Amino acid sequence: SEMEISYSSNKLTVGLNHGYQSLVNTDVDNQEVVSTGPAFDKNAAGWYSTNVDANGRTFYTPTSNKQDTVRFNAIKDQITLDGKTFLNLQPHISKLYFDWEFLPNVVLHSDIRIFWGMLGTKDLNNYKKTTTVTGTTKKMDTTYVIQPDNSVVTEIDTTSKDVTTSTSTSPYLDERGYSDNTVFNTLDISTSPMFKWNASLHWNPTPDLTISAFVYDILGVDNGTTTDNSLAINTLRWQQIGNSKEQTDLYGMDLRSYAVRISKSF
């Protein structure tokens, strides 16, 4: 849905619009496809067969000794995790713009778009799984070794194993094999707004000539470090996720730039 309000006079035009988009009637779990097929377990018997060709040469052929189940959900990986919000589209987008002829034949234009957070990535970006050691178990293996004089020596090998419990922020991400995002700085893109601010000046010295100057992405600057960079979020773009468990990169493409254009009509 979208709404807009605007005002216009001889010298000034001002407008504000806001768009909202959301998924409806989408049950992501119903989109899952389950496939079962042959697989090979090399630690179990029967994963290959032995054959002899006409020349008496022995060769081996892989033979399936188990069935594997593969679950695939393209909707959950590429469009939405929760069935309500998109992974790669902001639910709320606003735009404010104006055109002001402050001198004869000279117009100042400016517009700013506000992307109010990519809420669909919140569970993915904030996913945490904590594992706590609650105890230790020990296993003893006994081996009897016959010596050259036929005596028997007993060797005992003891191994310890930690007993752990795990808690996480999202049980349904647990089931899909997610892990903590400890590598990429998401710049709080899930909840923080991005501002795309442009401005331009247009001069018509004659009816058939226009000279224009542009500044794009005024707030798109790298102004700090990877951990303290208040404006970096305004540079971000994103690509359609093909595997939301792995493709978590953000792309700082919308950097401040300048342009001049001269247009002449003949």
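## Basis of the model

Because the model is predicted, local features require pLDDT of at least 70 and side-chain atom pairs count only at pLDDT 80 or more, whereas totals for chains, interfaces and linings use all residues. Residues are numbered from 1 along each chain as its sequence is written, and side-chain values use heavy atoms, with hydrogens and water left out.

## Overall fold

The protein contains three helices and 15 strands; these are DSSP runs numbered from the N terminus, with helices (H or I) of at least four residues and strands (E) of at least two. Among contacts with a separation of 6 or more, 63% involve residues 24 or more positions apart, a contact being heavy atoms within 4.5 Å.

Of the 266 residues, 24% count as buried. Buried denotes under 20% relative accessible area, exposed over 50%, and partly exposed the range in between (1.4 Å probe, protein chains only).

## Salt bridges

Side chains of opposite charge can pair when their charged atoms come close. The whole structure holds four salt bridges, each defined by a side-chain nitrogen of Lys or Arg within 4 Å of a carboxyl oxygen of Asp or Glu. One of them joins Lys 196 and Asp 254, with an N to O distance of 2.8 Å. Lys 196 belongs to strand S11 and Asp 254 to the loop between strand S14 (251-252) and strand S15 (257-264), so this pair ties together parts that are 58 residues apart in sequence. Both partners are buried: Lys 196 has a relative accessible area of 2%, and Asp 254 has 9%.

Another salt bridge connects Asp 208 with Lys 264, the closest N and O atoms being 2.7 Å apart. This pair also links distant parts of the chain, with Asp 208 in the loop between S11 and S12 and Lys 264 in strand S15, 56 residues apart. Asp 208 is partly exposed at 29%, as is Lys 264 at 42%. Lys 264 also lies over the face of Phe 266, at 5.8 Å from the ring centre; the criterion is NZ of Lys or CZ of Arg within 6 Å of the ring centre and within 35 degrees of the ring normal. Asp 53 and Arg 57 form a further salt bridge (3.2 Å, N to O), in which Asp 53 is partly exposed at 26% and Arg 57 is exposed at 54%.

## Aromatic pairs

There are four aromatic pairs. Rings of Phe, Tyr and Trp (its six-membered ring) pair if their centres lie within 6.5 Å; planes under 30 degrees apart are stacked, over 60 edge-to-face, and the rest tilted. The ring centres of Trp 47 and Tyr 48 are 5.2 Å apart and their planes stand at 75°, so the pair is edge-to-face. Trp 100 and Phe 102 form a tilted pair, with 5.3 Å between centres and 50° between planes. Ring pairs also link Trp 47, Tyr 48 and Tyr 60 into a cluster.

Asp 188 occupies the loop between helix H3 (171-175) and strand S11 (194-206) and is exposed at 52%. Asp 217 lies in the loop between strand S12 (209-216) and strand S13 (236-237) and is buried at 13%.
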